[in-house]
Amino acid sequence: MRLSPLDKHMSKMKENPLPRLAKAIENLRACQLIFDHLPFRELSPNARHHWAVKARAVKAQREEAGWLAKSVWGNQDPMTYARISYEFKVTDKRQRDIDNLVSACKSFQDGLIDGGVILKDDSEHLAWWKATITQGKAEQTIVRIEEIIG
């Protein structure tokens, strides 16, 4: 009977790594933030507002995300490696550009850092998962952050 390369490798190991991997996956954390609005229009890449108007919108959205993240996350250590997904709930059937909505969410990510949920929002520590637009009874932005194994 011929052994596969995986079986050969497993037979050489003293301990089966699958229980350790299962335990590591079990200990992964997640966080979900629900905002009762879509990202501010002033933060869209297509918006043509005065810089001070945009700065006020960034500050307001970042502070809102930071305080909400802090209240949900508490004093846990930040996630070193995470993936983020967005769900935008809308009340009408207008066409929306999902790229503009996601781009307007940068201050949400900065708020997640301020609130201690994620360590950094660079490409080494944060991965995009998905972004969707769905119908709902009220406009909402749902931000999901899941810890991943780095």
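Which residues are buried in α3? That was my way into this predicted model.

**Entry 1: α3**

I went down the helix and noted A52, A57, Q61, A65, G66, A69 and W73 as buried. Then I looked at what they pack against, and found β1 and α5. I also checked the span of α3: its 23 residues reach 32 Å from first C-alpha to last, close to the 33 Å expected at 1.5 Å a residue. Just past the end of α3 sits G74, and I read a positive phi of about 70° there.

I jotted down a reminder for reading helix positions: an α-helix has 3.6 residues a turn, so residues three or four places apart point the same way.

**Entry 2: the whole chain**

I stepped back for the layout. I counted five helices and four strands, and from the N terminus they come in the order α-α-β-α-β-α-α-β-β. The protein has 150 residues, and 30% of them count as buried. For the accessible surface I noted about 10100 Å², with 54% of that belonging to carbon and sulfur atoms. I also looked at how far apart in sequence the contacting residues are. Among contacts with a separation of 6 or more, 84% join residues 24 or more positions apart.

**Entry 3: α5**

α5 covers residues 106-114, and I listed S107, F108, Q109, D110, G111 and L112 as its buried residues. What lies over them? The cover includes β1 (30-35), α3 (51-73), β2 (82-90), β3 (126-135) and β4 (140-147). After α5 I came to G116, which has a positive phi near 80°.

**Entry 4: the core**

Next I looked up the largest nonpolar core, which has 23 residues. Which of them touch the most other members? I got L112, V117, V143 and I145. The elements giving two or more residues to this core are β1, α3, β2, α4 (98-103), α5 and β4. β2 gives the most, with five residues. My general note beside this: in soluble globular proteins, nonpolar side chains tend to be buried together.

**Entry 5: V117**

What does V117 contact, leaving aside neighbours within four places in sequence? My list reads C31, A69, W73, P78, M79, L112 and I145. Two of those names took me back to where I started: A69 and W73 are on the buried list for α3.

Key. Residues numbered from 1 in each chain as written. Heavy atoms only, no water. Buried < 20%, exposed > 50% of the residue type's maximum accessible area, 1.4 Å probe, protein only. Contact = heavy atoms within 4.5 Å. Areas by Shrake-Rupley, 256 points an atom, 1.4 Å probe, with all protein chains shown as cover. Expected span 1.5 Å × (residues − 1). Core = buried A, V, L, I, M, F, W, Y, C linked by side-chain atoms within 4.5 Å.
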